[in-house]
Amino acid sequence: MAYKLLEGIRILDLAMVFAGPICSRMLDTLGAEVIKVESATRPDVFTRANVYPENEPGEEPWNRGSFFHSINAGKYGISLNMGSEEGREIFKRLVKISDAVVENFSPRVMENWGLGYEELKKIKPDLIMVSMSGLGHYGPLRDFYMYVPGMEGMSGLTYNTGYPDQPPLLSGHAYGDWTLGATGAAVLLTALYYRQTTGKGQYIDVAGREAVISHLGEIIMDYTLNGRERMRCGNYHSSMAPHGCYRCKGNDEWINISVENDEQWRKFCKAIGDPAWTEDERFTDDLSRWRHREELDRLVEAWTIQHDHYEAMKILQEAGVPAGAVLNMKEMHLDSHLVERGFFEVIDHGQGVGKRPIPKSMPAKFSDVEDFVPKRAPRFGQDNEYVFCDLLGMPKDELKRLEEEKVIGGTPTFPPGRPTRIDLIEKQGAGWFDPDYLSELRKKYGIDIGQKKPG
Amino acid sequence: MGEQAFSNLKVIDCTEGVAGPYCTKLLADFGAEVIKVEKPEEGDVARGMGPFLKDEPHPEKSGTFFYLNTNKKSVTLNLKSETGVKIFKELVREADLLIENFGPETTSKLGLSYEIFREVNPRLIMTSISPYGQTGPYREYKATNLTVYGLGGAMYTMRPGTNPADRPVVEGGLQADYSAGLLSFIATVAALINQTRSNRGTWIDISAMECMASTLTMHFGEYSYIGLSRKTNPWAIHGYPIGYSSPCKDGWISLTPGIGGAPNIALLIGKPELQDDPLLAKPSARMAEPEKFDALIVPWLKEHDKWEIAKEAQELRLAFTPVLSPGELQNDEQLKAREFFAKTNHPMMGEVTYSGAPAKLSESPWRAGRAPLLGEHNEEIYGRLGYSKEDLIRMREEGVI
């Protein structure tokens, strides 16, 4: 019989923007009930406010942002004014019926509200609370104001990313935020397991920078063991060659190739038709190939440039050589492997947005466990009645009073909806626009993708 | 503080390299008994991966292996021998969890399927980590961190916002491996929570390519909502640059003029008269006229140290932060105050310093520890199963352990 892994676990989620919401989204995917708390004065603006369907902000733009839809799928959403005394009292009642609280405010915010862990523990003795921040909740720099560039930049990751003759490079995909959020989910589950065996709750302090350093184990150890400062080296590897990103035939098409040993090198040579240069003694063994890697790259690229990236990948993989096309966002959505494994799930966002493929945030497959598609991300305050009346047992007229007194509900404070400046992005060469994206998606995910019917 | 979270947990670990061992390292560092099953003679491939202590290649001196295998126990076992498979099943019978990264092909060849293990241990959780997953057209494709990073969509975004025409570049270190390891841990612990409540096991299929793709929180929506495929970070939504590195006197500083107190840049560089200058006041201006913006600010940056700039900027609520090297982390006041780095003695490596707890847990602590020597725990673990010293000598001669 199908079941959910975290059935019956309730998470109260005060987190905003990326890291925290990524953490709670994973927990939802694993079967927990997540209640996302926003307020009219403090909605989750950045993710709600960007990238609207067909680039039209439309009515109620705060319910139309794609980042929000992706990172908050599956959650319940309430609007509760934490700035008011009564709002905080209601929050405490919610704490009483929850298993964990997740937050990523800057340090001190929760305490200033009288909602620090010691206070909340009085209400719910076995509560788990996870605080996520840039540099952690204690220490001399705890108030450093930062976003993902701080977490990555102060970890050694940025220093190790990019080409040696160019500035250190921030990740393109907010990896530091993801790492903080995923680490938060990992330790929250660790604490839940502990609570299950001992009955005890706890407080957890996750620093984004420390989470990222944890992913740089061998880079840190080259310094602690040998005093060597590793730094950015493009796509080169410390021992493999060829190991790089090579241009293919099409426009902005690339393939990654990494040859791990001499055996794979022989397979590689055969796959590309044993051209004469492969016999050159500069390339006969691992070490000499590595020494002549720049020259090698030019010769490898002379082959890749004749093929499109999927084709080159197929040729090399059939020969047993690690090779992977560098996929763009269109190709990711249409990739046969990801489509067959169901990496993107179609979620119906209803009126004005319609069905869209949304990536999984926790892409594990579990046998015998219920495989469910998450609910659409909540519209602002959509679950007030469920949470306040059904869960807390408030009468409905009480809800009305709270709305009138602006403790709950209301219209979020929101900047005017702005379309994405595709023109600017194209001018800067920072991306490209595919006018047929809806019909491309419909081929793989159903003809009703993006149809904005009411619902 | 109480006990460690996983102190009652027994794990059989048949992973090698980076992703799988990172997952089981987290279990071991939070208290689980992790029995690492290695190939006789050669062991985990990571034993051959640098950096080595004093650059001397040696299977017991790899920093990569050390970091990824702290607190584990090592046994050697030849899974290609009949006796080996028999002993392996005895290990699995006693375990809560089996984690492997053989890949779909090998699992069926060796007869090491979940179905078989479930017969000996009905509540077993088995986590299978592979580059592409157990199903799908790429399932038998070969992979390295680099190729998974590209197939996961992340690499396409790895170009500087200031020069997006560049050849994509892989993120530093081994992020496709680490992110797969972290997600494997999350999935596994969720299954363990269920196991303690219901005694049910499950088989978990993890694809590193999908793990990498799942770290992209924004780019996919840009395609499915507006048809955009972006080649850089998405922070420049409305043309704002965020988090690009600018040179300063002693290295690099990461600038984020797109948010919040951008006008305070004028105060930072000691030119308050420019506070209303659109070049500084308008976040998008830097993107529109990068040369003009840089001409104004870079000369000042080049006269100041990264920490000096960052601390002054922070006072002005500017999210400017230093770009730190691995060595600089060792003297970082915040990391010191939080006792982030751990130190442990190793019989062949001496005192080793390495990255410590990924988070601070108030009740169930993380622990420091060292990596095991190859086969260090054969006697202890096989002894527990009832094998005598003589049995072990015989099995060694037969190449089983």
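Predicted model: local features only at pLDDT ≥ 70, side-chain atom pairs only at ≥ 80, totals over all residues.

**Notes on the two chains**

1. In E7(B), A:Gly431 has B:Arg230 as its bridge partner.

2. The contact between the chains involves 130 residues of chain B and 148 residues of chain A. On the chain B side, helix H7 (residues 175-198) supplies the largest share, with 14 residues, and the residues of that side divide into 68 nonpolar, 46 polar and 16 charged.

3. A sheet also takes strands from both chains: 7 strands form an open sheet of mixed pairing, in the order E12(A)-E6(B)-E5(B)-E4(B)-E1(B)-E2(B)-E3(B). Its edges are strand E12 (365-366) of chain A and strand E3 (72-76) of chain B, each of which pairs on one side only. Within the sheet, strand E5 (residues 125-130) and strand E6 (residues 202-207) of chain B pair in the parallel sense over 6 bridges, and B:Ser128 has B:Asp205 as its bridge partner in E6(B).

4. Helix H7(B) packs on this sheet, where it touches E12 of chain A as well as strand E4 (97-100), E5 and E6 of chain B, and its direction makes about 165° with that of E5(B). B:Asn199 is exposed, because 9 other C-beta atoms lie within 10 Å.

5. How are H1(B) and H7(B) oriented to each other? The axes of helix H1 (residues 19-29) of chain B and H7(B) come within 7 Å and cross at roughly 45°, so the two helices are oblique to each other, and their crossing is right-handed. Among the residues that make the contact are B:Tyr22, B:Leu26 and B:Leu27 of H1(B), together with B:Tyr178, B:Leu182 and B:Phe185 of H7(B); by class, the contact has 9 nonpolar, 4 polar and 1 charged residues.

6. Chain A has 20 helices and 13 strands, and its C-alpha trace spans about 85 × 55 × 50 Å along its principal axes. Of its 455 residues, 55% count as buried, and among contacts between residues at least 6 apart in sequence, 71% join residues at least 24 apart.

7. A:Ala15 sits in the loop between strand E1 (10-13) and helix H1 (19-29) of chain A, and is buried because 28 other C-beta atoms lie within 10 Å. Leaving aside residues up to four places away in sequence, A:Ala15 touches residues including A:Gly20, A:Val102, A:Asn104 and A:Met132; the C-alpha atoms of A:Ala15 and A:Met132, 117 residues apart along the chain, are separated by 8.7 Å.

8. Some backbone details deserve a check against the model. The peptide bond from A:Ala241 to A:Pro242 is cis, with omega near 0°, and A:Pro242 lies in the loop between helix H10 (217-226) and strand E7 (243-247) of chain A. In chain B, the peptide bond from B:Gly50 to B:Pro51 is cis, with omega near 0°, and B:Pro51 is found in the loop between strand E2 (33-38) and helix H2 (63-68).

Methods:
Residues numbered from 1 in each chain as written. Chains lettered and ligands numbered in written order. Contact = placed C-beta atoms within 7 Å. Helix = DSSP H or I, 4+ residues; strand = E, 2+ residues; numbered from the N terminus. Nonpolar A, V, L, I, M, F, W, Y, C, P; charged D, E, K, R; others polar. Pairing = 2+ DSSP bridges. Axes fitted to C-alpha atoms, helices over the stretch in contact; angles between N-to-C directions. Parallel < 35°, antiparallel > 145°, perpendicular 65-115°, else oblique. Left-handed = near helix turned anticlockwise from the far one by under 90°. Buried ≥ 20, exposed ≤ 12 C-beta atoms within 10 Å, placed from the backbone.
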